[in-house]
Amino acid sequence: MTTYAWVIGARGLLGSATAAAIERRNGWVLLPADPLPWADDEAMAATAAATAERLLRTAATESADWAVLWLAGNAVTSTPPAAIAAELAQLRLVLDAVALAAGAHGTALRGALFYASSAGGVYGGSAHPPFDETSLPVPISGYGRFKLDAEASLFAFSRASGVSVLAGRIANLYGPGQKLGKMQGLISHLAKAQFSPKPASIFVPLETMRDYIYVRDCAELVVDCVTRLQSVTARGGRTEAIKNLASGQAVTISNLLGHIRTLAKSKPNVMLGYSAEASMQGLDLRITSTVWPDLDKRQLTSLPAGIKATMDDVLAHIQSGG
């Protein structure tokens, strides 16, 4: 069975890697789609409606399955509430468009929708790490609360439309292609600092623990999770699921700096400081998963190899004048 897929955010870090993963898969077809016009809600709603209609019409014509993967988003921990609210509203616009198209074609049960949530956001204040999908989410930032609101919108969409959904709570994503202007992605910022006179600022304790997952590994896992969601739906009907997407191997910032020191053969170019935003960061965010755990049994990119690939990419970006 062929699956036609629309990747929203296909030019971003995870979106581009997932689009590439889809193009490598037998039985998957990536729907060519222009980026959504994020700056204009009315235009965005119209574009989303047209693209969703094209996706579902193509799938219906070919008697195929379909999937929408929301891998977009600009919000980070420091994003103002108004911008977070706008991003949530845009998600709901797209969900409405997909629901309308699914209803028109009567193919809800042949579809799947993946939403990229944030493990760090929703478990930021949770107790007793490592956190799995049964852990009580306790967000400590507006960003974390936004991710839970987005998940709630996703599940409401599923109940109203009949489309199966999966909220993927992704750990710390890193790898080549991360936007260096975005206040996110510690490994990329550490890599950039090694090739710059300006040090990377670290505002949290060095014992802060995070789970880092390499972008290509995460992209392959996303596609596998959607495939599993489709098979579960085929057997049992509409499905709502949450899965943590993580490497399962957390390290401290001190560990990261050690890897940077070894790979760069020089002292990490960092500056320790204080920021009020540090209070919105959990100290121990070890992540694991008990949902479809067989999907997590795979060969992952080692952290040193992933950091090296990220450093090489950052250096090439700088040398090209980017």
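## Before you start

Because the model is predicted, local features need pLDDT of at least 70 and side-chain atom pairs count only at pLDDT 80 or more, while totals for chains, interfaces and linings use all residues. Residues are numbered from 1 along each chain as its sequence is written, and side-chain values use heavy atoms, with hydrogens and water left out.

## The loop between α4 and α5

Let's start with D132, which sits in the loop linking α4 (119-122) to α5 (142-161). Helices here are DSSP runs of H or I with at least four residues, strands are E runs of at least two, and both are numbered from the N terminus. D132 is buried but has no salt bridge, and R169, the nearest side chain of opposite charge, is 8.1 Å away. Buried means under 20% relative accessible area, exposed over 50%, and partly exposed in between, using a 1.4 Å probe and protein chains only. A salt bridge puts a side-chain nitrogen of Lys or Arg within 4 Å of a carboxyl oxygen of Asp or Glu. As for charge, Lys and Arg count as positive, Asp and Glu as negative, and His and the chain ends are not counted.

Leaving out residues up to four places away in sequence, D132 touches Y123, N244, T288, S289 and T290. Contact here means heavy atoms within 4.5 Å. P130 is in this loop too, and a cis peptide bond with omega of about 5° joins P129 to P130. H128 is another loop residue: its phi is near 65°, a positive value in a residue other than glycine. H128 counts as exposed because its relative accessibility is 71%.

## A buried tryptophan

W292 lies in the loop between β12 (284-285) and α9. Its phi is near 50°, again positive in a residue other than glycine. W292 is buried, with a relative accessible area of 15%.

## How α8 meets its partners

The axes of α8 (residues 253-264) and α9 (residues 303-319) come within 10 Å and cross at roughly 60°, so α8 is oblique to α9. The contact involves L256, H259, I260, L263 and A264 of α8, with L303, P304, I307, K308 and M311 of α9. Axes are lines fitted to C-alpha atoms, for helices over the stretch in contact, with angles from 0 to 180 degrees between N-to-C directions. Angles under 35 degrees are roughly parallel, over 145 roughly antiparallel, 65 to 115 roughly perpendicular, and the rest oblique.

The axes of α6 (residues 186-194) and α8 come within 11 Å and cross at roughly 35°. L186, I187, L190 and Q194 of α6 make the contact with I253, L256, L257, I260 and A264 of α8.
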